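Please look over the sequence and the 3D structure below. A short report on selected features follows.

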Amino acid sequence: MKRKLIAAIGVAGMMVSMAACGSDDGGSDSSGKKSGPDSYKGQTLTVWAMDGSTPDQWQKDLTAEFEKKTGAKVKFEVQQWNGIQQKLTTALSEENPPDVFEIGNTQTAAYAKTGGLADLGDLKSEIGGDWTANLNEAAVVDGKQYGAPWYFTNRVVIYNKSVFKEAGVTETPKTRDEFFAALDKIKAKGKAEPIYLPGQNWYFFDGLTIGQGADLVKKDGDKWVSNLADPKIGAAMDLYKKYQSYSKAPKDKDEATPQQADVFAKGKTGAFIGMGWEAGTAIKANPAIEKEIGYFTIPGETADKAEGVFLGGSNLAVAEGSAKQDLAKEFLKLALSDKFEGQLAKLNGVIPNKESLNSNLAGNVVAEAAAPGAKVGGTTPLIPEWAAVENAPNPIKTFMTAVLNGKSNDEAAKQVEAEFNKRLAQKQ
Amino acid sequence: MKRSASSRISGVWRNGTAVLLIIGLVFPVYWMFATAFKPTPDIIAEDPVWFPTNFTFEHFRTAFAAENFWTMVRNSLTVTVLAVTLSLILALAGSFALARMRFKGRKGFIVGFMVAQMAPWEVMVIAIYFIVRDSDMLNSLIPLTLFYMVMVLPFTLLTLRGFVAAVPKELEESAMVDGCTRPQAFVKVILPLLAPGLMSTSMFGFITAWNEFPLVLVLNKNAESQTLPLWLSQFQTQFGDDWGATMAASSVFAIPILVLFVFLQRKAVSGLTDGAVKG
Amino acid sequence: MTVQTERPPSGPADVVKETGATPGDPAARRRSRAAAPYLLLVPPVAVTLVFLGWPLVKNTLLSFQDLNMRQLIQHLTEWNGIENYQQILGSEDFWNVTVRSIAFTAVNVFLTMLLGTLVGLLVARLGKRMRVALLTALVLAWAMPVVAATTVYQWLFASRFGVVNWVLDKIGFHSMAEYNWTGGQFSTFFVVTVLIVWMSIPFVAINLYAATTTIPKELYEAAALDGAGPWKSFTSVTMPFLRPFLFATTFLEIIWIFKAFVQVFAINQGGPDRLTEILPVYAYVEGVGNQHYGMGSAIAMLTIVILLLLTSYYLRIVLKQEEDEL
């Protein structure tokens, strides 16, 4: 799942954000008490950030200012997604865990239940008054704040302008039907693969289920169980199947094998659904493709509402076992301050944790395409049990491949139900 | 040697097979190096570019630019060399006893080491993690060295036993007749004859320790105490299917072993055969 | 390089029975002689007991615990008796994986031994230059670190830009142009098998070649005098001489291939659908991947038991033979 997570949480662009969000008592975003520069002198705070999350400039400025403010040093350690859960779990059991660490929004609940995350309730009341409510949702477990929302991203359609033009598609599709019509035209032209979509781009599928208002799991008594047989899931899968029928991509692979951007880079693919940063991968493989690349929102049924998307994102958490929790909170206050949260949004093109900072995204083409999707975006089910589901081999991916290979939705749901439920029932 | 027509034909046959085998054996190694030197568009070309014509060091630059690369090189070398050397020393003593002496329980020891050789270390990682964590030895090269030493010890010992046994006993005895004590005879007569055996046995230990990944992954989280397999794995995820960087890193990782093997194997095989002919 | 034969390579150099002819033979010296082998064995045995035995004991203890993320992070010890074992032994998955592991090991060991032996015999029959070339090629393949080798094989068999598919397409198998090797159980195993056999042949071949060079020429000459043809001398001289090597090498290959965690895991993480998981991969996915560490430890214990059963035949032979030898 690691690579998929990179894909999920990597650096995309995006602009506006969710509509009505709970608490808007603006202005309460400044840090409260200021600690003197020498109070933490000599200490070093260890921060784990995932690969690609922290731009150099941001890291440099933040480190300098943190040192000025607290007298303490920060040591950033860049982590790879590969094997991160095991690494984090063991690290949290050690005497010197990372004081602050980045944790995927969908993984936060599971870790909160282990007792490894410190309660950040006071931090929330101090600086989190205007955190966008639905972004903060994943950091709250049983009413307690276990992390601070940090940044978020979602997928867009990345397309090849000349392939679209040659097939006679002059305007970017605004609705799902227009999109399919465009793909039909490219197919009819016969010179390019209309879209590259492997069978297991599971976060795209998750977005479709969000768009359909479907739930992947349901409650059975006090247990969570598979809801894949639900007709709404079936409707989402039908859409996926329709998209996939335009592609020659393997039905049992995800977007990382082969890297879909590499395929796209050859110029014989109309479009693919990916994160903004994947365009960079394509350009690296074939610099000539750069001028052909365009972006648009994954269109929904009607022009006024975009397709649902998976909102990948990260929270920052503090280790319960950290001996420097106060210092860690000082760090969070600074890192999540308007200055640095805004800088991160600008440099990485990611959605910041509050709406008031969205101005930092202006002028980012990818962000403009991603913005409408984010309004209707959601996550995977926010239950602690969920983490086990996405461990390879993800039963939902198995489900997707089974449907694409001709099974009915019900048959496929039945096929993976046992494994799915087993994972949901696993003790935490 | 006389050569009949039929033997010449079968010679052609044999050489032909050998050439095919050489291609099959070497191609993956060649392809690794070739890919590492090709610019990305050549790597993902519709038709494979068989020889890297547009040489580039770009992928190597990416690979070397990784943080702490040289620290990891040093750690890998330290741990590997120490583990192999220590296990050779321990194994030498044990193998001598097992190959040359008669005592009660001898076969029990042999079978014991054979069983030890089967230990599935990859699946015991968590148990080892608990031990090291609770001994407060995380992020240290010492536990790595010790565990790698034991990983390769049974194989080293059992293999060396064969080499020790291959040294004609008469040599040792005549040295003893000449007034050497048994330890002296061992050092002066047997040890020199064992040199090729020691070298070839050490190769196995070297490659095992050099490759070890699951244990260091969980024991040493500080970049300063990590080893090269972690560096290599970092590229596989960071670049997804960026084969250029991955192959460059793999090449760098493979080179020390390839060089060591080609160098040692020559000596070891010829040493072994020479010894056999003379013996 | 030699293998651990149950008989030393150049024929037992033993049997020089000590006849008590040692000059001046006081009891003290005899006693110290009797203690010598044990003293020599103390260091390796002690080290093995500590650094292998201790993890084994620890692993056994963990296998009787309910040990997941929470318990690990909070250092909790929650005994749950034999529940882990009950769950594993009661699940169909475990038995499927076990059968698959054994079949996987059998096929790979057979192919490795067969091809390795043939290559080894071929090396012995080549001219000098060709022999050096082939030996060098073998050594190169052998020396490829497994981490690097699996990466290279993923690249060779990659579905879009991999060389293997390109070649298959060019030689007429057009349906293979974008064949996805890791899409099916059989094709994934095929790739893993090619990788493992490729990595393992050199060890067998080089050792076998080294062993053939130790066969005394006189034996062949004697066989020739008796009128034996090439085949006869092969079966009556070469094979009997090589048998102990083949036995020992097979034993090692069984161990190594049964434990081929890295190759299987790196190629496709045991997929698709967990259909290529062998025991060590299963233990890893359940234990570390899904973070059920107690369960993983229990599977590890069972893996050890199964491996012991698989090799018990050979170990018994060793026990018997060693008895006759010294």
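In chain A, helix H2 (residues 56-70) packs against helix H14 (residues 338-348) at an angle of about 165°, and their axes are 9 Å apart. Axes here are lines fitted to C-alpha atoms, for helices over the stretch in contact, and angles run from 0 to 180 degrees between N-to-C directions. H2(A) is therefore roughly antiparallel to H14(A) (angles under 35 degrees count as roughly parallel, over 145 as roughly antiparallel, 65 to 115 as roughly perpendicular and the rest as oblique). The crossing of H2(A) and H14(A) is right-handed; that is, the near helix is turned clockwise from the far one by less than a right angle. On H2(A), the contact is made by A:Gln57, A:Trp58 and A:Leu62. On H14(A), A:Phe340, A:Gln343, A:Leu344 and A:Leu347 take part. Two residues are in contact if their C-beta atoms, placed from the backbone, lie within 7 Å. Helices are DSSP runs (H or I) of at least four residues, strands are runs (E) of at least two, and both are numbered from the N terminus.

This is a predicted model: local features need pLDDT of at least 70, side-chain atom pairs count only at pLDDT 80 or more, and totals for chains, interfaces and linings use all residues. Residues are numbered from 1 along each chain as its sequence is written, while chains are lettered from A and ligands numbered from 1 in the order in which they are written.

Chain A is divided into two domains: domain 1 (2-153 + 311-360) and domain 2 (156-309 + 382-424). The bounds come from an automatic or database domain assignment. Taken over C-alpha atoms, the centres of domain 1 and domain 2 of chain A are 29 Å apart.

Now to chain B. It has 12 helices and zero strands. Of its 279 residues, 52% count as buried. A residue is buried if 20 or more other C-beta atoms lie within 10 Å of its own, exposed if 12 or fewer, and partly exposed in between. Take the contacts in chain B between residues at least 6 apart in sequence: 76% join residues at least 24 apart.

Which loop of chain B holds B:Asp136? B:Asp136 sits between helix H6 (125-134) and helix H7 (141-166). B:Asn139 is in the loop between H6 and H7 too. Most residues other than glycine have a negative phi.

| Residue | Phi | Exposure | Other C-beta atoms within 10 Å |
|---|---|---|---|
| B:Asp136 | near 60° | exposed | 9 |

Chain C meets chain B. The contact takes 83 residues from chain C and 87 residues from chain B. Several helices of chain C each supply at least two residues to this side, including H4 (92-124) and H8 (185-212). H1(C) gives the most, with 17 residues.

UniProt, in an unreviewed entry, annotates residues 98-314 of chain C as "domain: ABC transmembrane type-1". Such annotations may be inferred rather than shown by experiment. This span of chain C is 78% helix and 0% strand, and the end C-alpha atoms of residues 98-314 lie 20 Å apart. The unreviewed entry also lists "transmembrane region" stretches, among them residues 102-123 and 132-156 of chain C. Residues 102-123 of chain C are 100% helix, with end C-alpha atoms 31 Å apart. Residues 132-156 of chain C are 92% helix, with end C-alpha atoms 27 Å apart.
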